[in-house]
Amino acid sequence: MKINKRIQIFREFMEQKGVRLSLIWDPDNQYYLSGFRAIIYSRPIVTLIHADKTELIVPGLEELHALEKAKVDKLYVYYEQIDMSHKEISYLDHLTRLLKKYPAGTKLGVELGLLPASVYLFLQEQGFELVDVGQKIINMRAIKDEQEIELLKIAGQLSDYAIGESLKHARAGISELEFDSYGDKFLLEIASKDYPEELIGYANWTCSGIKRSAMPHLYSSTRKFADGDVVVHSRQVWFNGYRAENERTFFVGKPSEKQKDLLKLAIEAQRVGMEMIQPGITAKEVDIASYQVFKKAGYGEYVNHRIGHGLGLSEHEEPYLRFDNDLVLEEGMVYTIEPGVYVPGLGGFRHSDTIILTKTGSFSITQYPRELEYMLFD
């Protein structure tokens with residue numbers, strides 16, 4: 001969906017709610033509605049969506065970048081160097097002036113779950129009535145269009161390449177960071193060759209050993225793989241902003257039969273979730289069905305997270321696949337399916353794949369093999 005169309009839909013929502021101006025603060029939401037994303041937001045950036053125009057407030061070091069990328073009608077710049085001290089030196093200088101066009105009592109749209117408390121109080125002090133528009137943007141972003149799905153497919157394929165390359169080097173004696181680096185290098189080389197002039201990034205972590213794999217959201221470290229290790233490797237790749245997630249659990253050396261059974265159990269729980277997820281199913285049904293695989297095997301108490309989360313511009317996106325979410329899933333939604341089980345003394349076991357919902361079901365954009373036979377490394 002083109003940005004102009006997104007803005008049109010959002011403005012129609014604003015009109016329905018009686019909102020005359022929306023202030024968009026979250027970087028991913030700003031990118032979704034303006035096409036502009038900075039690297040660092042310690043210098044505040046604000047997107048203003050009026051009934052008839054879109055404006056952007058940026059710091060001076062982002063001025064040229066915003067002029068090139070931002071699909072907005074007007075750009076306002078504030079400066080932090082002494083030679084420009086006679087101009088606006090804070091985003092609040094611009095924001096205060098622009099808000100004067102609206103009388104006290106005007107309804108302003110804000111992302112209540114994301115807006116800094118200081119800005120919330122500032123807007124209240126000006127006498128504005130604040131209306132949450134964050135959920136509307138969440139709902140819009142949850143349904144990916146064909147263009148977004150194509151970007152996700154590329155990200156998924158690149159993540160497969162990276163995981164495959166790192167796994168070629170899985171062996172005792174290599175550190176988690178070294179293991180990551182093989183996939184990183186291959187990813188960057190192939191992306192630069194196949195997709196020139198595009199924005200590509202990645203994030204990954206590796207948790208090796210029985211103790212660390214049971215805490216699988218740890219940063220990669222200098223710890224070296226050892227015989228008998230369970231290893232959880234997590235990787236996200238994004239292509240022009242859109243992310244695919246790909247995770248595999250594997251063994252270095254010979255695992256015990258119980259460890260192999262636990263990985264097979266996690267693979268089965270993932271299979272159940274991947275076969276169930278489709279339009280018309282509720283989010284909670286997917287999570288509950290997968291959890292039952294662990295519970296029936298006697299490991300329910302060792303499951304400590306939902307089966308998956310939305311994915312797109314953000315690392316994690318709403319809506320989530322949780323046991324208490326009655327949301328009915330729709331075509332165009334994108335989710336990770338990543339049931340996990342974490343057993344003290346044995347390790348953590350989880351694969352993750354990125355799934356796109358279609359009219360007739362779903363498909364995975366990450367395709368690296370999942371079966372136990374591909375997860376054994378001497």
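Visitor: What stands opposite S22?
Guide: In β2, I49 stands opposite S22. The model is predicted: local features need pLDDT of at least 70, side-chain atom pairs count only at pLDDT 80 or more, and totals for chains, interfaces and linings use all residues. Residues are numbered from 1 along each chain as its sequence is written, and side-chain values use heavy atoms, leaving out hydrogens and water.

Visitor: What makes β1 and β2 a pair?
Guide: Two strands (E, at least two residues, as DSSP runs numbered from the N terminus) pair if DSSP finds at least two bridges between them. β1 (residues 21-24) and β2 (residues 46-50) have 4 bridges, in the antiparallel sense. That meets the definition, so they pair.

Visitor: In which sense do β1 and β5 pair?
Guide: Parallel, over 3 bridges, with β5 at residues 107-110. L23 stands opposite V110 there. β5 also runs parallel to β6, joined by 4 bridges. L108 stands opposite L130 in β6.

Visitor: Why are β4 and β6 called edge strands?
Guide: The open sheet has 6 strands, in the order β4-β3-β2-β1-β5-β6, with mixed pairing. β4 and β6 (129-132) each pair on one side only. The twist averages 25° from one strand to the next.

Visitor: Which residues of β1 point which way?
Guide: L21 and L23 point one way, S22 and I24 the other. In a regular strand the side chains alternate between the two faces of the sheet.

Visitor: Which residues of α4 are buried?
Guide: Y91, H94, L95, L98 and L99, in a helix spanning residues 91-99. A helix here is a DSSP run of H or I, at least four residues long.

Visitor: Why do they line one face of the helix?
Guide: Seen down the axis of α4, they fall within an arc of 125°, so they line one face. The arc is that of the directions from the helix axis to the C-beta atoms.

Visitor: What covers these buried residues?
Guide: The cover includes β1, β2, β3 (54-59), β4 (74-78), β5 and α5 (117-125). Contact means heavy atoms within 4.5 Å.

Visitor: What other open sheet is there?
Guide: One of 4 strands, in the order β7-β8-β9-β17, with mixed pairing. β7 (200-208) and β17 (376-377) each have a single partner strand, so one side of each is left without a neighbour in the sheet. β8 (residues 229-239) and β9 (residues 242-252) pair in the antiparallel sense over 11 bridges.

Note on methods:
Buried < 20%, exposed > 50% of the residue type's maximum accessible area, 1.4 Å probe, protein only. Axes fitted to C-alpha atoms, helices over the stretch in contact; angles between N-to-C directions.
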